[in-house]
Amino acid sequence: MFDREAHEKRTQWYVHDRFGMFIHWGLYAIPARGEWVRSQEEIPLEEYEPFFHAFNPVDYDPKKWARAAKEAGMKYAIMTAKHHDGFCLFDSALTDYKATNTPAGRDLIREYVDAFRAEGLKVGLYYSLLDWHHPDYPHYGDRHHPMRRNEAFRDHGKQEHFENYIEYFHGQVRELCTNYGKIDLMWFDFSYDDMTGEKWQASRLVHMIRELQPHMIIDSRLEAAGGAYGSLITGDTTDYTGDFVCPEQIIPPRGIVDRDGNPVIWETCMTMNNNWGYCSRDHFFKPSDMLIKKLVECVSKGGNLLLNVGPDARGNIPEESLEILRGIGKWMARNSASIYGCGLADPEKPEYGRITQNGNHLYYHVMEPMVGYIPLMGLQAGQIESVRLLRDGSELPIVHDWITDNYGDLPYVTLGPDPHLPDPIDTVLDVTLRD
C-alpha cells in the first residue's frame, strides 16, 4: 500500500523547487501542427512514417536548453521519452521506432539527461501510456487512436494482444529506470475511460520502479486523466497512488486539498502558447509578466508550475519561448527567495497581489500599485521584526501617522513618493516575523 512517510521524504526536493520545464518534442515537430496531430487528423501510419525517415534535428543541443532552464530559475525538467505516437527519443532495445534509427542517429534522451544534470537540475522523464504505433494497443473504438474509426483495425488491441503491449511498455520503463542513472521523476500520461489503474498493471509497474529507483516521484496519471485528481484526494490510496496531482492548463482556484481538508502536493502543467508540441502557426504566447504571476499564484496555493517548451524539428526552442524564459529569469534573479521553499501563507490573499511563506518569512507580492501605503494584511505591527524590499534588501519603514490611525494595529509600509512600483510586474516585500 501507499507509504506516506516515504512519499513525504522523496517529495521534499520537489516541494522546495517549485518551478520546472516541460519539454514536448518528437516526430510531430515536423508537420508542426501540435503533438496530437496524428490523432486529430486520423493520419494512417504509412502517411506518418515519412516524418520518421526525415527526423534529423541538426541543431539539437540540450546544453543550451539546460542553460535556458537554469537561467529562468527552473530547478527541474521533464522531457518526452515517448509520446502518444509511440516514437521513442531514447535507444530502446524493445523497438525499432526510435531516434537512433532516424537520420538523427543518436540517443537524444541520454544527451538531455547528461546536459541537465551538468547544470545541477533535477531530471524527469515523460512516458505516454498510450501508443498509436504499437500493433497491440487498442485501435478501433479507442477514444484517441488515429484508426479509431477504421474497421480494418477492429482486431488490434484485443485483451489477449493488449498483454503484449503491457509487457512492452513495462519493459521500456525498466530501461528508463536502469540505463540512465538516477532519474528524479517519472511523468506518466494518461488514464482514460477503462484504461486506468490495473488495466496498466499499475501496481506491478510501481513496485518495479520503487525497486529500481526508490527515490523517484511519480505523477497521478496512472489512475487519473488530466482533469482528475485521483486517490491522493479521496484517501483511498493504492500501490500506484501518485506522489502529486497534476491539473493541466488551469490553476486550481483554492489550491488542492484532500477530503479531510489537508493540502496535497500538486503541479500545474501549462503551455506557453496553445500547444505542447511545436506548432508553427501558434504565436499566441503568454507574456513573461503573466507567467511570473502564474508561478507566484501556484506557489501561494501550495503548488508547482511546470512550464512547457515545444522545440522545432531542427531542435531549437522557439525564440518566443526563449524570450519569455529570459524575462522570467530576470525577475527570478532578484526574487527567487519568495518561490523556492515557499508555499501557502497564513494570511489571506491581499487585493493587490499574493503572499508566499517560508518559515518566519512572509513574502508580500505587490502586483498592483497602491494609493499611498501598502497594508500588510493579516498581521499586527508587534509581530514584525523587519520589512525589506526583496530585490535589493533595502529597509521599508512601517508607517504610523494620521492616515493609518483609523485602522487599528494593521501595519502599513511605504515605498516612498513614487506611485510606480519598483518592479511593475511584482514587487516583493520580505516580511520577517518575530520568533
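Biologist: Is C177 buried or exposed?

Modeller: This is a predicted model, so what follows is computed from it. C177 is buried, with a relative accessible area of 5%.

Biologist: How many disulfides does the structure hold?

Modeller: First the general idea. A disulfide is a covalent bond between the sulfur atoms of two cysteines. In this structure there are zero disulfides. C177 is in none. Its nearest cysteine sulfur belongs to C88, and that atom is 14 Å away.

Biologist: Now the strands. How do strands of a sheet pair?

Modeller: They pair through backbone hydrogen bonds, either parallel or antiparallel. Take strand 3, residues 122–128. Strand 2 (residues 76–82) pairs with strand 3 in the parallel sense, over six bridges. One place to look is Y76, whose bridge partner in strand 3 is K122.

Biologist: Which strand does strand 3 join through five bridges?

Modeller: Strand 4, residues 185–189; these two run parallel. Find Y127 and you will see F188 of strand 4 opposite. Between strand 3 and strand 4 the chain passes through helix 7 (residues 159–178), in a right-handed β-α-β crossover. Strand 2, helix 6 (residues 108–118) and strand 3 also make a right-handed β-α-β unit.

Biologist: How many residues of strand 3 are buried?

Modeller: Six of its seven, so strand 3 is mostly covered, taking buried as under 20% relative accessible area.

Biologist: What is the order of the four strands in the open sheet?

Modeller: The order is 8-9-14-11, with antiparallel pairing. Strand 8 (353–358) and strand 11 (384–389) are the edges, each pairing on one side only. On average, neighbouring strands here are turned by 20° against each other, direction ignored.

Biologist: Where should I look in strand 8 and strand 9?

Modeller: Six bridges join strand 8 to strand 9 (residues 361–366). Within that pair, R354 stands opposite H365 of strand 9.

Biologist: Which helix packs on this sheet?

Modeller: Helix 10, residues 288–300, which touches strand 8 and strand 9. The direction of helix 10 makes about 50° with that of strand 8.

Technical notes:
Residues numbered from 1 in each chain as written. Predicted model: local features only at pLDDT ≥ 70, side-chain atom pairs only at ≥ 80, totals over all residues. Heavy atoms only, no water. Buried < 20%, exposed > 50% of the residue type's maximum accessible area, 1.4 Å probe, protein only. Pairing = 2+ DSSP bridges. Right-handed = clockwise from strand over helix to strand, strands pointing away. Disulfide = S-S within 2.5 Å. Axes fitted to C-alpha atoms, helices over the stretch in contact; angles between N-to-C directions. Contact = heavy atoms within 4.5 Å.
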